[in-house]
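Open the model in your viewer and keep the selection panel at hand.

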Amino acid sequence: MKQLSILTLYGEFDQGFDATLEIRQGDLHSPSQTRIKGRLSGNRDLLNCYRHWQQRYLSLEMLFRALSANAEQVTNSSQRGEAFAACRQGAEVLEGSLNHWLNTDLDFRSIRDKLLRSGKKFQLLLQTNNPWLRRFPWHRWDLLAEAQADVALSALEYDCPNPLNQQTTPKGKVKILAILGQGAGLNQQADQQALEELAGQAGAQITWRQEPQASELNQQLWEQGWDILFFAGHSGTSQEGQRGEIQLNQTERLTIDDLRFALKKAIARGLQLAIFNSCDGLGLAYQLAAQQDLYLPQVIVMAEKVPDPVSPKFLRYFLEAYIRGESLYSSVAEAREKLHGWEQEYPCASWLPVVCQNPTVQPPTWKELRYGPINQSPWQLPRTAVIASFLVTLALMVVRPLGVIQPWELQAYDQFMRWRPDQGVDPRLLVVEITEEDFKYQDDQGMKRKWSLSDAALAQLLDKLQAHHPRAIGLDIYRDFPVSEEYQDLANPLARMDNFFAVCEASNPTRNYRGIAPPPEVPPERLGFTDVVIDSDGILRRYLWYATFNSDSPCQTEMSLSLQLALHYLAAEGIDPKVTPESEVQLGETTLRSLPGYAGNYSGTSNAGYQMLLDYRTPGDIAQRVTLKQILTDQFEPSWVKDRVVLIGVTAHSIKDDFRTPFSQDSNQTMRGVFIHAQMVSQILSAVKDGRQPLWVWSQGGEFFWIWGWGSLGGFLVLVCKRLVYGMGVGIANLVVLSGVCFVVFIQGWWIPLVPSGLAFVATGMIVGYNKTLSMSYSALSN
């Protein structure tokens, strides 16, 4: 609702005017925020400027509907041009004098400054006892024009209309009583056509009466309820400006007093707007707005005589805007601006339309006229926001397990992972790479290489490493074949080294994959599987650390290679695993939990053993790196091995062992398998030794309330923001805040819903915004 400013001017042009400005945030029922007193000095010259302009305007008699028999007719085109120019010149002088009076009077400055600080698009009601002030072109005050403020007249005395039964008017139609008065010399057909085309097509029921008798009009007002009273014909205002009359037919001229009781009944039944599309209607407006027991809410009149073509143009322009959904004031202002384009033919046409407003009544929109007033409790829209957000959240919680929005959530997860600070190299790990150069080195040394690593090279490698006391060694190379007869001395170490772990891979019946058996020399307790769970988009985001495979699988160990290595490392420090009653693994103060079947942003995670979110430490080097050749030729530091977990794996490009990760912006960005296992080992060690919170998700209930909260916020923001552009800006800012909060929490080890919360925020905002629009216009369709 716009800010309402009420400017009261009381006095005469000879003595000056006492001025009072009252500002309210809303209609007259709202509490007063500001009340300022001032004064405008007497200015007889300004009144003379108006009378001089009016005289020149009325001299353009050839343009008006009502032709005076005694008026001088201007027929010569040059005389016509001179008359137009004189009228425009008088208008410029009047406008300049009015602005000079209002802008320079020192005693009025406090009021003017307060209006300047009111901002844009406020509403100004002018109340005055002086009939000449009501005729002035107040919309041409530069302060109001710059602020795009609506301006209307108001009586000094008013009261709220007393409705008897406004619901007697069937809603679904705007009921219009259209009176075509005595129309000698008038083209009333243009008014009728405009009203029929625009209002009739927009849900109006128009009852026409042409030159009715006074008794007939009186009966019409008594017997039916009307929303709008329209009059086209001849009318006028008395010289003192307090009384108006209409030419109903050839014999009857009526004042408002003649229709007082019928109008009172019509207003009580819901008459809200009267449009007098006729000459000099300020007297009519004054009586309808100020006469005791009437106080009609809104009246639109013409301030002066009206050229015959201007009135239907105004009516058409006004109805086009009003039916489109603009407010009453904005519709009149738009019509006035469009009339300005006709002022080459009809000087000062935009000065003619005037609105007279009862401050106690909020002007209705077209939809409110059509469907009825809004009967809504102040809690209805906030309640709508809560209910809408609840239903939206419920719908999201139903579709999430189906994987409908999972791709977006996983993309958000990947982005958060890329944004996280790089934790750098884990000093507890060492990776021994077998590169293409290492293949060549083995071949040059006469080692009989089978696949990537010969028995001779493996024997030397283990001897070199064991000499520097590593805590655990993991061989991430498949050896589903026994040690060759030439190197039987390797078989004993593989069987007896309690810190050496080898790998196998389980079978997969769904892919008709038989799996890969472990080295036959390594006992089952020192085996680890290398199986991983890759998402449907090819990204490795989860860590399978414990699983039970089919009995016919060649890999029967239940622990992953990384878990075996981490447990062996921690056992050296007296940290042994314990199984909790909830079937979780307890390591010191840290608990290794498996993602539940409902894992928030995931669906169906319980299909493959115990899983955790793979908490990548870094997209780069996870550990100190050294090649096979460097180890065998003693080109390394012993400290790189002592008390570390050593992983041995192939990084040669000819061997395919690559995985796409959240850091993979394209298909070429991958991470080698040995480094994936290193990431997994580091994740467990960091959780137990460094207190680093493993990535986890909230419970289903926690996620529900989080999403519901953001949905409710989206709805409430729509209620608070008055303009769409502000609402969109605030909404975008809140989505940025939501992303920031989710990212900060992600860094702390919690993956909470971002995409569902954002969807709930936007969806609830749209629902409440639509409901708000309907509530501002009409309550519900009744037909």
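In which helix is the place of Ile387? Select Ile387: the residue is in helix 13, where helices (H or I, at least four residues) and strands (E, at least two) are DSSP runs numbered from the N terminus. This is a predicted model, in which local features need pLDDT of at least 70, side-chain atom pairs count only at pLDDT 80 or more, and totals for chains, interfaces and linings use all residues. Residues are numbered from 1 along each chain as its sequence is written, and side-chain values use heavy atoms, with hydrogens and water left out.

**Surface patch**

Ile387 has a relative accessible area of 46%, so this residue is partly exposed (buried is under 20% relative accessible area, exposed over 50%, partly exposed in between; 1.4 Å probe, protein chains only). Helix 13 (residues 380-399) supplies six residues, the largest share of the patch.

**Confidence**

Colour the chain by pLDDT, the predictor's confidence in each residue, from 0 to 100. The protein chain averages 86, and 90% of the residues score at least 70. Residues 65-74 are below 50, and this stretch has 26 contacts in the model beyond near neighbours in sequence (contact: heavy atoms within 4.5 Å). Residues 375-379 also stay under 50, with four contacts beyond four places in sequence.

**Salt bridges**

The whole structure has 36 salt bridges, each a side-chain nitrogen of Lys or Arg within 4 Å of a carboxyl oxygen of Asp or Glu. Select Arg471 and Asp643, whose side chains meet in one at 3.7 Å, N to O. Arg471 is in the loop between helix 16 (455-466) and strand 16 (472-475), and Asp643 in the loop between helix 19 (628-632) and strand 27 (645-650), so the pair ties together parts 172 residues apart in sequence. Arg471 is buried at 18% relative accessible area, whereas Asp643 is partly exposed at 36%.

Arg542 is buried at 8%.

**Nonpolar cores**

Now hide the surface and select Ile176, Leu195 and Phe318, the residues with the most contacts inside the largest nonpolar core, which has 118 residues. A core is a set of buried Ala, Val, Leu, Ile, Met, Phe, Trp, Tyr and Cys residues joined through side-chain atoms within 4.5 Å. Helix 2 (residues 77-104) gives the most to this core, with eight residues. Leaving aside neighbours within four places in sequence, Phe318 is in contact with Ile275, Ile300, Leu328, Ser331, Val332 and Ala335. A second, separate core has 70 residues, including Leu410, Leu561, Tyr602 and Met671.

**Whole chain**

Zoom out to finish. The protein chain has 23 helices and 29 strands, and 55% of its 783 residues count as buried.
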